[in-house]
Amino acid sequence: MNISVLTPDKEIFEGTITSVIVPGTNGMFQILENHAAIVSSLGAGAVSITKTDGQKMEFTIAKGFIEVNNNVVSLLVQGVEGA
């Protein structure tokens, strides 16, 4: 599954992953390969990305949106810390 993490200023990460956990406005949720198409708003909290080599990437966001369609994940976020 491919992901791109973007802020208004720059690209934070782009690559192949096995999962991503995000802070939805109604609670945390995880996206795995072959997830149903979804668009959701994100609240403040931690984002955890697991890359295909097993490495984890974690950072905190203030808010944003996630879109998942055909194993392509787009994270559009603001207020990123620790990336």
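**Contacts, core and loops of an all-strand predicted model**

V5 touches K10, E11, I12, F13, I49, F59, L75 and V77, leaving out residues up to four places away in sequence; contact here means heavy atoms within 4.5 Å. The model is predicted: local features need pLDDT of at least 70, side-chain atom pairs count only at pLDDT 80 or more, and totals for chains, interfaces and linings use all residues. Residues are numbered from 1 along each chain as its sequence is written, and side-chain values use heavy atoms, with hydrogens and water left out.

The protein has eight strands and zero helices. Both element types are DSSP runs numbered from the N terminus: helices are H or I with at least four residues, strands are E with at least two. From the N terminus on, the order is β-β-β-β-β-β-β-β. The C-alpha trace spans about 25 × 25 × 20 Å along its principal axes. The radius of gyration is 11 Å, which agrees with the value near 12 Å that a compact globule of 83 residues would have. This radius is taken over C-alpha atoms, and the globule rule is 2.2 Å times the number of residues to the power 0.38. Of the contacts with a separation of 6 or more, 45% join residues 24 or more positions apart.

Buried residues make up 40% of the 83 residues. Buried means under 20% relative accessible area, exposed means over 50%, and partly exposed lies in between (1.4 Å probe, protein chains only). The protein exposes about 4,700 Å², and carbon and sulfur atoms supply 48% of this area. Accessible areas come from the Shrake-Rupley method with a 1.4 Å probe; for residues, only the protein chains shown count as cover. The protein carries 4 positive and 8 negative charges, and their mean positions are 6 Å apart. Lys and Arg count as positive, Asp and Glu as negative; His and the chain ends are not counted. Each charge is placed at NZ of Lys, CZ of Arg, CG of Asp or CD of Glu.

In soluble globular proteins, nonpolar side chains tend to be buried together. The largest nonpolar core in this model has 20 residues. Such a core is a set of buried Ala, Val, Leu, Ile, Met, Phe, Trp, Tyr and Cys residues joined through side-chain atoms within 4.5 Å. The residues with the most contacts inside the largest core are I3, V5, V20, I49 and L75. At least two core residues come from each of strand 1 (2–6), strand 2 (11–24), strand 5, strand 6 (56–61), strand 7 (63–69) and strand 8 (72–78). Strand 2 gives the largest share, five residues.

F13 is found in strand 2. It counts as buried, at 16% relative accessibility. Beyond its neighbours within four places in sequence, F13 is in contact with I3, S4, V5, I49, K51 and M57. F13 and I49 are 36 residues apart in sequence; their C-alpha atoms are 10.0 Å apart. S48 lies in strand 5 (residues 45–51). S48 is also buried, with a relative accessible area of 12%. Not counting residues up to four places away, S48 touches S19, V20, I21, K56, M57 and E58.

Two loop residues lie between strand 1 and strand 2: T7 and K10. T7 counts as buried, at 19% relative accessibility, whereas K10 is exposed, at 52%. Leaving aside neighbours within four places in sequence, T7 is in contact with I12, V77 and V80. A44 is placed in the loop between strand 4 (38–42) and strand 5. A44 counts as exposed, at 62% relative accessibility. Residues up to four places away aside, A44 touches P23, I61 and A62. A44 and G79 are 35 residues apart along the chain, and their C-alpha atoms are separated by 8.7 Å.

Most residues other than glycine have a negative phi, and most peptide bonds are trans. N34 is not a glycine, yet has a positive phi of about 65°. N34 is found in the loop between strand 3 (27–32) and strand 4, and counts as exposed at 62% relative accessibility. N71, also not a glycine, has a positive phi of about 60°. The loop that holds N71 runs between strand 7 and strand 8.
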